Amino acid sequence: MDRISELPEPILQQILSLLPMTQGLQTSVLSKRWRHVWTNFPVLEFDRTFFDAKFSNHSDTRESIPERLRKRDELFNFAEQTLLIYRNFKGIRRFTLEISFHDPELASLFDRWIGYLLESNVYELKLGILVLRNREWYNLPGAVLAAKSVTMLTLSNCKLRLPYSDIKLLSLKKLSLVDVYIEDEIFKNLVARCPMIEDMNLSGCCGLKSFEVFGLLKLKSVEVKNNRELEKVEMQVLNLQSFEYSGRYKPCEINLAPCKSLKTLKLCMAAITDEWFHDHFSEFPLLENLALSDCRMLESIRISSHHLKRLLLCRCDFLVEVEIDAPSLCSFKYNGDTIPFSLNSPALLQSDIHFCLSVIDTAWYVQMIEFLSKFNHSKLLTLQSITGKNMVVPNELRESLLPPLYNVKHLKLKIHKPLMSCATEELVDSLLWISPHPETLFIESGFGTKTFKFIYKKLTERREDSCGCGCRSVPIICWRHCLQEIEVENVSEAEERNKLTKFFWKNAKILERIDGLDSEL
């Protein structure tokens, strides 16, 4: 019995929604029931997986041009007939048209398809129509910007040109413009006539010089990324909660001060100064997430906030001083050099540190250890390294400096180029000096994650420091004196297992058992 066909129609339509258009079409030949479901299915996706390569101008060169054109016309005819069927179907949930073409005469065909679709009161509309000719754009039909039923509009590779006299996207909640040509006047009219909009994204657009948004009480999230001609961003949106900007290191005037409700701020390749940052940061009392990436004009910043929970500072190459006072901070990521650093974040749970290396010498290691000591209260600390070699602290420094992370319970080292790394036992030795009493130690690379779990014996009295670990100077007794059991995972090579076994039995004074390695020397 065909029990699937007996399922309720909404469930069958949900199944179709998970299939590519071509596979969904194939279900229509299974039975009359499936044909009925397909005909009434409110989702049409003519995307690039539908316009398969064999129907395009890049298809098999063994086929003649007339044969390729015949196949293309068959496909276009099917798409048009499908749209004609749905022309009077009110309430199309989602429609997608993504295609690339050379022939300029095809533009009128796509205009007609869009016209059919708009008669059906579509809710989610995604159009990506790319003209494969230099400096040519597909001109978006003006009716698209007057579609009162559309709640989600995504446009790419097209041009919004004047005049658009009747822009009325009264139901629009989400707008995404990607690689679109749009000028200031059209953008201004567009946002002014979208009173319900909640989410806005402009990426890779050209023609736009001024991104100005005023009012729009329902607008919550804005992304402005890599718009090559943009010179000004002006946001006066009282209820805005998230703003993301990615520039091209070019000067761009950004004013977000009126956005008092902002909770997330992400700036990448933004030409902002210390003065700009300090003036704006004080205007965001509710800010919870802050990310500054490749902001190369920043030199010295102070971050003081009782609400900030997540902070990222990445590749701000000219940053020389950072002061952080954030009692609620629970996650911190840093990619940069060892710089003077002040941190007051008692609630910090996770830290991720990736040092950008310049010259590795004794002075660098001293600065690195001093830097890491600021994160001694972090529960999980991740160190990232190209080869891992810079995490091997020289023995002479271990004798004169204190371990910086004696309170850290979980330490992870992520190595990006493991083939250039040093021996695992060297890494373990150094990491257990940096963090002398961890519960777990992870060494992650492209070959997997080596895991070390440690169980310690509680000592009633502190023993003499005869191993040069410096543990008498810190509140925690180092692993060498109290490590009782070890569980090791994902160490498979025999030589590596043997060396680690010898290392632990030699250095752990009261070790009783090792699981996952050779149990004996």
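Two strands count as paired if DSSP finds at least two bridges between them. Strands here are DSSP runs of E with at least two residues, helices are runs of H or I with at least four, and both are numbered from the N terminus.

Notes on the source: I'm working from a predicted model, where local features need pLDDT of at least 70, side-chain atom pairs count only at pLDDT 80 or more, and totals for chains, interfaces and linings use all residues. Numbering starts from 1 along each chain as its sequence is written, and side-chain values use heavy atoms, with hydrogens and water left out.

**Around β20**

I started with β20, residues 331-336. On one side I found β18 (310-314), parallel to β20 over 5 bridges, with Leu-312 bridged to Lys-333. β22 (350-355) also runs parallel to β20, through 6 bridges, and I see Ser-331 opposite Gln-350 there. Buried or exposed, what are most β20 residues? I get 5 of the 6 buried (under 20% relative accessible area with a 1.4 Å probe, protein chains only; exposed is over 50%, partly exposed in between).

Next I looked up an open sheet of 3 strands, ordered β4-β6-β8 with parallel pairing. Its edges are β4 (138-139) and β8 (181-182), each pairing on one side only. β6 (158-160) joins β8 by 2 bridges, and Lys-159 has Tyr-181 as its bridge partner.

**Met-235**

Beyond its neighbours within four places in sequence, I listed the contacts of Met-235 (heavy atoms within 4.5 Å); among them are Phe-211, Phe-243, Asn-255 and Cys-259.
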